[in-house]
Every structure is written in C-alpha cells, then in structure tokens.
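Here's a quick tour of a protein model, written for someone new to reading structures. Keep the picture open as you go.

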Amino acid sequence: MSEHENHPASQQSIRAEAIESLLIEKGLLSEDAVDEVIVQYNERVGPMNGAKVVARAWKDPAFKLRLLTDGTRAVEEFEFTGGQVEKLVVVENTPAVHNVVVCTLCSCYPWAVLGLPPKWYKDPAYRSRIVREPRRVLAEFGVQISSSKELRVWDSSAEIRYMVLPEMPSDSESTSEEELAARVTRDAMIGVALL
Amino acid sequence: MSTELSGITQPPMANGELIFEAPWQGRVFGMARALSEAGLFSWNEFREYLIKAIAARDREAEGDYAYYDHFLAALETLLADRGLVAPEPLETRCAEFRARPHGHDHGSE
C-alpha cells in the first residue's frame, strides 16, 4: 500500500507499528503471537455460528425439527451477521446414519455458519476420494464408521450448502446450550469428526 | 464466549472472515487479543475501552465508519492507563518511524 506523508492511514500504521515494537522490546508480545491470533480467530469465529445452531438443535426439539425441515429459515432466527446463507440443508447424524459434506466441483461451503473452509476441503484429493472411498478417507481423519452404519455423502453446489448436525455427546444431557456450543467443532459439522 | 465482539464492537466481516483494509488493522487486532491472552488485561476490559472509543467518535468528521481507528485508540489508551506503553516513548518511536528514509520496509502498512 503506498501512502504519502500525513495520510491518516499511514499515521495509523506508524502508530500501530510503534506500539508493537515497544511491546516486543519490553518482552510483552511476540510477532508470532500476533500472527497466530489472526489465523486462529478466523478459524474460530466462523464455525462458532454453526456451533450455536447445533447446540440449540440438541436442546430444543422444536428448533431441531425446524432446522431439519428448512435450514435456511431456521438459521435466520439467529440473525447472524456476515452475509446471507444460500439454501442451507442440515443433515442429521444418528446411530444408524453418518453424513459427510463435500463439494466435488469446487469448494462450495456454508460459510455463513461455518466461516472459511479448511484447506483440505478445497483439495482435489478430498473432493474425489470422499465420494469414491468415504470410509477410508474418514478413517484417515480418525473417524471409524462401522460397515453396518449407512454413510451418506452430500455434494454441495452453488445453490445448496450442507451442514451436518452431529450426534450429541452422550455425557452432555445436563449441559447448558452455551457450553454445548463450545464443544461443537467445525470438522464435526462437515462430518469428518465425531464429538 | 467471553472473546466475542458483538453489537457496537462487532468488527467488519465478510464471508465469516474478518476484513482488514490495511495490514496494520490486522496487527492491532492481533496485538489486543495476544496481550489479553497473555493476561496483561482481560478481554472485557479492552471491550470497555473500545465501547468508549466508538461512542466518543465524531460521526460527521469520520465519514465512513473507521472501526480500526477506534480499535487502535482504545488499545493505546488502555496500554497507557496500565503503564505498559506510556504516551511519551510512543510519540518518540512514532517520530523515529516517520523520519525513516523513503524506501524502508513498508511491511506493516
């Protein structure tokens, strides 16, 4: 960014740089810690919306029904900022069925509820292999799906985005909605992790 | 979650991702979080400063909402109040950086 002297943005960037350099000199901060925050925040803030949706569905059967019937409308109840959700379809994991989401064509992803897709989601190997050999790919993620369980792979598109409603951890019956949301991970909502 | 910035303190976002219009905005955001994670102040304390800075803004002079200007001002005031970065050394350092010859590393702009 080229800015000349006295341009407000340039003054701000100098102040920011000056503060950072003083904090680093005093040993109160490291450059790496700052970098780390930015990356981490982007990975956490996005999926947090989806986690809230999942936690409410676990606690509130009427909401869960609305969510599974019309994901887009149910999610509107939260008034998330950051953009419109395209048609959102939520698929439920049960003791008999495990769901996993992919976009075989590109990297369509329900970003309004899950934030940015992880790198591997855009990887051609994941996109083709999860359809061909889902059990093996899931095993590589550390998820063993028994052969008696039905496995459904959902292919996202520009029009329809899928999100997995994971099974509620069995030890969390009496946990609050907020605490439950903190346990929901991005990968579980894509279907490549269990909780 | 206690780290959440919502309502008036909600940072600009798109596609679920934070938007930084210039790298320094990302740096100040990262600094505030890292310092609070290191325990130098609580995130709630920082948020109080941010709310005050945003509330005190001059809407007419500001034009487009300059979220990160207020974020930077909040951080600066908090660091000064805590005695972590005093105003004088900060001004000195700013003057040094401004006096750098042209063509220095503009990495943080």
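## Chain B from end to end

Starting at the N terminus, chain B's elements go β-β-α-α-α-α-α. That makes two strands and five helices (these are DSSP runs, with helices being H or I of at least four residues and strands being E of at least two, numbered from the N terminus).

The model is predicted, so local features need pLDDT of at least 70 and side-chain atom pairs count only at pLDDT 80 or more, while totals for chains, interfaces and linings use all residues. Residues are numbered from 1 along each chain as its sequence is written, chains are lettered from A and ligands numbered from 1 in the order in which they are written, and side-chain values use heavy atoms, leaving out hydrogens and water.

In chain B, 43% of the 109 residues are buried (buried means under 20% relative accessible area, exposed over 50%, and partly exposed in between, with a 1.4 Å probe and protein chains only). Take the chain B contacts between residues at least 6 apart in sequence: 69% of them join residues at least 24 apart (a contact means heavy atoms within 4.5 Å).

## Rings and charges

Over all chains, you can find 15 aromatic pairs (rings of Phe, Tyr and Trp, using its six-membered ring, pair if their centres lie within 6.5 Å; planes under 30 degrees apart are stacked, over 60 edge-to-face, and the rest tilted). Trp120(A) and Tyr126(A) have ring centres 5.0 Å apart and planes at 70 degrees, so this pair is edge-to-face. Trp120(A) is partly exposed at 21% relative accessible area, whereas Tyr126(A) is buried at 4%.

Chain B has an aromatic cluster whose members include Phe29(B), Trp43(B) and Tyr67(B). Arg33(B) lies over the face of Trp43(B), 4.5 Å from the ring centre (for this, NZ of Lys or CZ of Arg must be within 6 Å of the ring centre and within 35 degrees of the ring normal). Likewise, Lys52(B) lies over the face of Tyr49(B), at 5.3 Å from the ring centre.

## Two nonpolar cores

Which residues touch the most other members of the largest nonpolar core? Out of its 43 residues, they are Val53(A), Leu67(A), Tyr126(A), Leu138(A) and Met163(A) (a nonpolar core is a set of buried Ala, Val, Leu, Ile, Met, Phe, Trp, Tyr and Cys residues joined through side-chain atoms within 4.5 Å). Helix α2 of chain A, residues 31-59, gives the most to this core, with six residues.

There's also a second, separate core of 38 residues, and among them are Ile19(A), Leu22(A), Phe29(B) and Tyr67(B).
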